[in-house]
Amino acid sequence: MRGDELESIDLPQLRGLIDDQPGLQRVLAGIAAGVRERILEHEKALNAAAPGFERRFVQPFKAIKRIEFDDLDSGAAFVLDEPTRVMTFNTGHVRSLLDAIMRDVDTATERLAPGEIGRLARLAIELLILHEVRHLSQGVGDYGDVQKLKAISEMLVGEFDLLADRDAAQAYALLRTLEEGTAKPVDYVRFFAEAIFFMGQYCFPAFKAPLNKPSKVARALGLTLMVARIARADVTETIDADHAGRLPLDTALVPEIAPDWTKLTIFAYNPDLQLVSVAVEVDILSLYGICERLDDGNFDELVEDVVRFIRTVPLI
Ligand SMILES: [Zn+2]
């Protein structure tokens, strides 16, 4: 089972599954096993397509014996038991994500066809697994360590998250291109954008990016700028050109907002750290308004506004 079981379910069935703990755990474990299997199956091609992929994903997936799901009272996203190499994900986090997807279906039927729910649920779980497995190779796999790191620099924790989001989207997009047998850069970029867009549409509402949490706002804004850059390239039909240019469209963008909201600085990991723009003066109300709406679940409208925003300021 590689997630196909989930793909054919409808909304009432998904609701039932969320309340059926053993059933949910079984389906999730099947999806996790499928992701691991696919990464290892395409190991050579993935390593060739993206330098560093082996260290980022292949090695940690090889080091894990099995992935399970259970409720974790600590609040951790996962725990890795060193002696058995069993990785246990927190079912609670998955439920929050699936709830956000179902809320979206309930409130905006025109945005999401009911038949699409199973595909989105599977995408949510796959991206969550890739994100968390990437934390292992980032060295931030231990929940206790992350709590200590938060006390030292919360912004740094947000940055690890943003980079794990970006790498998870890349892994998803590379797998899709390999499995669909397409070598066109435009397809890769669209799959990549689909994954990042998904994070904006469902993960921010599920896990929240409130204005009093600058690290969460920076992560959410970074992902939004990445999607907006791709959307702008799509409109101007420069996806291929941009991708071959200085800053590829799958580059991670890390923003730093001045405390008074008047200036924006952007760093990029491409894959090494680069300064893209420093202390660029921006319209306070535009930037504040964008950040205020990061977790309201209308990500498509927000991206349109951010595309307009980056047209007016020389940021990226
Ligand atoms: Zn994370």
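This is a short tour of a predicted model, going from the whole chain down to one pair of residues.

**Whole chain.** Start with everything shown as a cartoon. If you draw a box around the C-alpha atoms along the principal axes, its sides come to roughly 50 × 45 × 40 Å.

Next, colour the residues by burial: 39% of the 316 residues count as buried. Then turn to contacts between residues at least 6 apart in sequence; of these, 62% join residues at least 24 apart.

Now select β4 (252-257), β5 (residues 263-269) and β6 (273-281). Together they form an open sheet in the order β4-β5-β6, and the pairing is antiparallel. Which strands stand at the edges? They are β4 and β6, each with a single partner strand, so one side of each has no neighbour in the sheet. Look along the sheet for its twist, which averages 20 degrees from one strand to the next.

**β4 against β5.** Strands of a sheet pair through backbone hydrogen bonds, either parallel or antiparallel. How many bridges join β4 to β5? There are six, and the two strands run antiparallel.

**Last stop.** Pick Glu256 and look across to β5, where its bridge partner is Thr265.

How values were computed: Residues numbered from 1 in each chain as written. Predicted model: local features only at pLDDT ≥ 70, side-chain atom pairs only at ≥ 80, totals over all residues. Pairing = 2+ DSSP bridges. Helix = DSSP H or I, 4+ residues; strand = E, 2+ residues; numbered from the N terminus. Axes fitted to C-alpha atoms, helices over the stretch in contact; angles between N-to-C directions. Buried ≥ 20, exposed ≤ 12 C-beta atoms within 10 Å, placed from the backbone. Contact = placed C-beta atoms within 7 Å.
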